[in-house]
Amino acid sequence: LGRLSIRSIHVVHNLPNTWNTYPLGWSSTGKDTTSISTTCINMIDVYDGYLCGNILSRSCNHKRISLYYHINAISNGISGIILSYVIRLELDIESIKIWTIENINMYLINITLHGLIMIFFLIMPSLLGRYGNYLLPIYLGGSEIIYPRINNISILIIPSTLLIMILSIVSEYTLGLGWTLYPPLSSGIDMLTSIGIDFILYSLILSGISTSLTSLNFIVTIHTWKILLIPIANVNMYLWSIIVIGYILLILIPILGGILLMLLCDIHYNTIFFDPIYGGDPIFYQHMFWFFGHPEVYILILPGFGIISNIIWEHFNSILFGYHTMIVALCMIWYIGSLVWSHHMFTIGLELDSRCYFQWSTMVISLPTGCKMFNWLCSYFQGNNYWISIVDHNCCIWTIQMYLIMFIAEWYF
């Protein structure tokens, strides 16, 4: 708190005393905030302000919004875990079933909601919004996210989208689709009503808007503050992961939103994008969905890669081995990961050439990931005196040898 207060004195010292011009949202009464005691009180308010009634809709402080993301992730995670336990109990108990044969579609609804909640409402907001909002300005040495009001709007959208998704249960005969929502099952004429799938599609589109706003905010923040404070070549590894994730999301979220809108048009406006009876192509939906869905895996793991790099960097008090190769590896994971989506679709009847290409490209993507792994190992060894005599001045050769052994063993087995 002392370090944060010292850092905040300079920021608050130069701000006007009105709420509308406070990007940090520390003073809603217009009182003088230039004293040290008032600054400390306002910093404490960052942590206990979530107890106030209307503070969520008015707060723009990045730490407080990170706290809201944390609370949202915990509540959504509990919901998803409960759904997963229901699935496991249903599969585990042989004689007594939770869902009777007359209500078996509720089991399929359970699977659908579990997948969507865990991916779009737990992992993505948690890794991107929670850690990104808290750590981004601190690592950049800046005062706040560039667009704090947009940051506030992004977190306000998430609870409403989750509510819309939960409302989809009102129609239990249209949700046994799985989290991929493949047509023509999701757009078929055999559905009694389309209310449930409509709520699901609206919820995912709004969730994509929230994620896109957060990504754009983070990218602009990094590119603005790094020009003023630090060069881009010396940016923290976690910030590099946020940059890569931000660009991935800005490219892929519109693709997901586009196919969801096309699916809505097939349901309500008699279009035939995915209707095979009238010349539509449901395989096209699968290609577009997995073009988003496979890079989504790396969207979920790249923040973890950045956090691991920072832990090794700081905890072992050593320079991160192969810093620039780590940056290249992040970018290559993004690039190659966007070219291997059809390994999720080997059972749909792909041609032999396509199957061979996606098989080998899937193996190639292990190269940048393995580069990061061995760079972490070398950074760890350099930070421990016991190992310095073994790997000193030979880390590059040691990394290449170990990686070749592991890659050949993986290919052979």
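Here is a walk through this structure, from the overall fold down to a few single residues. Keep in mind that what you see is a predicted model.

Let's start with the whole chain. You can count 14 helices in the protein chain, and zero strands. The chain has 413 residues, and 47% of them count as buried.

Take helix 5, which covers residues 104-140, and helix 6, which covers residues 148-167: they pack at an angle of about 165°, and their axes are 12 Å apart. Because angles over 145 degrees count as roughly antiparallel, helix 5 is roughly antiparallel to helix 6. Their crossing is left-handed.

Helix 8 (residues 237-268) and helix 10 make another pair, with an angle of about 20° between them and axes 10 Å apart. This time the angle falls on the other side of the scale: under 35 degrees counts as roughly parallel, so helix 8 is roughly parallel to helix 10. As for the handedness, helix 8 and helix 10 cross in a right-handed way.

Met-332 is found in helix 10, and its relative accessibility of 33% is why Met-332 counts as partly exposed.

In the loop between helix 6 and helix 7 (195-228) you'll find Pro-184. A cis peptide bond joins Pro-183 to Pro-184, with omega at about 5°. Leu-181 is found in the loop between helix 6 and helix 7 too. Leu-181 isn't a glycine, yet its phi is positive, at about 60°. Is this residue, Leu-181, buried or exposed? With a relative accessible area of 2%, Leu-181 is buried, since the cut-off for buried is under 20%.

Further along, the loop between helix 8 and helix 9 (282-315) holds Asn-270. Asn-270 is a residue other than glycine with a positive phi, near 60°.

Methods
Residues numbered from 1 in each chain as written. Predicted model: local features only at pLDDT ≥ 70, side-chain atom pairs only at ≥ 80, totals over all residues. Heavy atoms only, no water. Helix = DSSP H or I, 4+ residues; strand = E, 2+ residues; numbered from the N terminus. Buried < 20%, exposed > 50% of the residue type's maximum accessible area, 1.4 Å probe, protein only. Axes fitted to C-alpha atoms, helices over the stretch in contact; angles between N-to-C directions. Parallel < 35°, antiparallel > 145°, perpendicular 65-115°, else oblique. Left-handed = near helix turned anticlockwise from the far one by under 90°.
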